[in-house]
Every structure is written in C-alpha cells, then in structure tokens.
Amino acid sequence: MKVDQTDCKIIELLQKNGRVSNIVIARKLGVSEATIRVRLKRLIKEEYIQIVAVSNPLKLGFGTVGILRINVDVKKIKHVTKELCKIKQLWFIVHATGSSDIYTEFITKSFDELNDLVFEKIYKIDGVTRTRTSIILNYVKRRYDWGNAIF
C-alpha cells in the first residue's frame, strides 16, 4: 500500500515534532485518533518512517564522528554490505554512485576506536578495496523537517 495525502500530513507533523501526540495529529487532520494510530503503525512497519530521538554525538562525548566512503569489488557488494551492517559504530550505510560504492557515517569514542574500526573491522571484510574517512568537526545544519515529495 502506498502513502496518501493523510499519511504525508502525519509525516510532516512528526518531522516538525516527533513527540506530538496521536490526539493532536488527529485534531489537526480532522480524523479519529484510532485512524492515526493505525496509520502510524503501518508507516513504521513498512519503513516509511521511524520515530527516534536524534542526538548530537559530539555533545554526548563521542570523540570522533565522520563519514567513511568505501570502495568494493562490486561482485562482493552484497557480502560487504551484510558485514558492514553488523558493525555497531556504523549507524548509516547506503549504496551510492560517484567515487565510492558505499557511503557510511560512523560514531566512535576515540581515534583508537576509529583506527580499530577501519583496520581491524572494515579492511578485514572480503571485497573492501579502499576507504576514505572525513571527520565531522561540528554540525552546521541538521534538519529533518523536509516534508515529502509525494503530495
């Protein structure tokens, strides 16, 4: 089942405030709270959305936060991706076009942990051919209220 205009409005309200109650959403959209509850359950189950607290890892004491671009033997990309998904420090993993095959974002407590992540975990995965790491110094803009492109 696809999302409709009501689903999109629910998503937009949650993007602005992930703590907004189902009752408030229902009032704003002119539908029942039960409708909102059922739709939210489906949107989450079908992975259109996830509701989480987005934290700032730099303020929470993580020593290194950054971007890791990974080149792989394309014949082994499924294997590499499966192994990368097992690594806790990698919180975001996508297949990409351009100069890298896989783009990830990581959070580690120290440069020692980052060193271990790259050389003891990632480079040990069969199929990884190259990595490039960029360290995030600070967050200039992090917004999640970009709406949707459907309606």
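Which element supplies the largest share of the lining of the largest pocket? In this predicted model, that element is α1, with 4 residues of the lining.

The protein chain contains 5 helices and 4 strands, arranged along the sequence in the order α-α-α-β-α-β-β-α-β. The radius of gyration of the protein chain is 19 Å, whereas the globule rule gives 15 Å for 151 residues, so the chain is more spread out than a compact globule. Along the principal axes, the C-alpha atoms occupy a box of roughly 55 × 35 × 25 Å.

Of the 151 residues in the protein chain, 34% are buried. Among contacts with a separation of 6 or more, 67% are between residues 24 or more positions apart. The accessible surface of the protein chain amounts to about 10,300 Å², and carbon and sulfur atoms account for 54% of this surface.

At least two lining residues come from each of α1 (5-16), β1 (64-72), β2 (90-95) and β3 (102-108). By class, the lining of the largest pocket consists of 23 nonpolar, 8 polar and 9 charged residues.

Notes. Residues numbered from 1 in each chain as written. Predicted model: local features only at pLDDT ≥ 70, side-chain atom pairs only at ≥ 80, totals over all residues. Heavy atoms only, no water. Nonpolar A, V, L, I, M, F, W, Y, C, P; charged D, E, K, R; others polar. Rg over C-alpha atoms; globule rule 2.2 N^0.38 Å. Buried < 20%, exposed > 50% of the residue type's maximum accessible area, 1.4 Å probe, protein only. Contact = heavy atoms within 4.5 Å. Areas by Shrake-Rupley, 256 points an atom, 1.4 Å probe, with all protein chains shown as cover.
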